[in-house]
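Thanks for passing this one along. Here are a few notes to read beside the model, starting with the sheet and ending at the ligand.

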Amino acid sequence: MQTRGLSKRYGRVRAVADLNLTVRRGWIFGFLGPNGAGKSTTVRMLTGLLRPTAGEAEVLGVPLNERLSLRGRVGALIEEPAFYPHLTAWRNLTLLTSLSGGCSRGEIAETLETVGLAGAANRRVGEFSHGMRQRLGIAQALLPRPELLILDEPASGLDPEGLADVRVLLLRLQEEGMTIFLSSHLLPEVEQTCTHVAVVTNGQVVAEGEVGETLRGLKPKTRLVVDDGEKALKVLAGVAGVEAEQVDRQTIEVAGGAESAELNELLVREGVRVSEITPSRRSLESFYMDTVRAGADSEAANGS
Ligand SMILES: Nc1ncnc2c1ncn2[C@@H]1O[C@H](COP(=O)(O)OP(=O)(O)OP(=O)(O)O)[C@@H](O)[C@H]1O
Ligand SMILES: [Mg+2]
């Protein structure tokens, strides 16, 4: 899948601005970004629900204006999926798939089982919880056995067990050869499942890469647990080459050259008690935070 200069304007709002993305077959691609960054708008354009203002995209090698020929090769879950509330889960899936050529009873049963809804197949969807509806949305996207699965926040509202189920499911589907494009705010989940990520802010890609490489490229940081985080931050603010950041009341994270022993000595000398010093794990979350903050800073500097 590829987009070139993909753009969408709503009146004066530039929701997606000159977006260039490449997603290769076999990837699990995580599309990240703050609220309002343009993720859903992009997904809507890729699935033909919205017409771009400018630019182009190819999905499975097919340009957007020929996308009808893709029927059944792409499965999608977009925001809150719409179902008939008075019909059962089973009936909803039968109706939805009948539009794209239909599915066997066996396939429907298997898919409901896969998303953990086998026991609720004959319940009316109007009685479903948010998470159950989300699971049914994933089932609906999976049923055509697509080559490409596009999921806009698939994990939204799922319980921990549901999150683990989705994680295992995505990895299994990838092993079976499916390409997966998903947007998410759940960075630990993305870190555990995605092969590649892109961060988008204000409708533009600000960072992208292979997940393992991205994490290896992060600056090492040290995490300190102290009795007074604010005071520790003040002490370290004066030290050249040290960037300190408060994580919570008693935890600060330090990037930069200083050795643990040096940091400890500095803090203790100024009357801050240090109870723990550990190298902090390089996480996708810290990469994301740094990227989004850097984007916001440069935007402020440009006055836009
Ligand atoms: N139908 C619409 N009319 C006008 N503006 C819209 C419309 N849909 C989205 N927008 C605007 O486009 C921008 C991008 O919205 P979008 O829904 O794509 O963000 P998102 O990245 O999916 O955010 P979230 O993480 O909250 O789901 C926002 O500024 C939003 O206000
Ligand atoms: Mg969205």
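Predicted model: local features only at pLDDT ≥ 70, side-chain atom pairs only at ≥ 80, totals over all residues.

**Notes on the sheet and the ligand site**

1. Four strands form an open sheet in the order S2-S1-S4-S5, and their pairing is antiparallel. S2 and strand S5 (62-63) sit at the edges with a single partner strand each, so one side of each has no neighbour in the sheet.

2. Next, find H1. This helix lies across strand S1 (2-10), S2 and S4, and runs at about 115° to S1.

3. Now for the ligand. Which residues are closest to ligand 1? They are Gly36, Lys39, Ser40, Thr41 and His185, out of 13 residues that surround ligand 1. By type, the shell has five nonpolar, six polar and two charged residues.

4. A polar side-chain atom of Asn35 is 2.9 Å from an oxygen atom of ligand 1, while a polar backbone atom of Gly36 is 2.8 Å from an oxygen atom of ligand 1. Tyr10 brings a polar side-chain atom to 3.5 Å from a nitrogen atom of the ligand.

5. On its own, ligand 1 has 640 Å² of accessible area, and the protein covers 61% of that. Strand S2 (13-22) and helix H1 (39-46) are the elements that give two or more residues to the shell. The largest share, three residues, comes from H1.

Note on methods. Residues numbered from 1 in each chain as written. Chains lettered and ligands numbered in written order. Heavy atoms only, no water. Near = heavy atom within 4 Å. Polar contact = N/O pair within 3.5 Å; in protein donor to acceptor, adjacent residues only side chain to side chain. Areas by Shrake-Rupley, 256 points an atom, 1.4 Å probe, with all protein chains shown as cover. Nonpolar A, V, L, I, M, F, W, Y, C, P; charged D, E, K, R; others polar. Pairing = 2+ DSSP bridges. Contact = heavy atoms within 4.5 Å. Axes fitted to C-alpha atoms, helices over the stretch in contact; angles between N-to-C directions.
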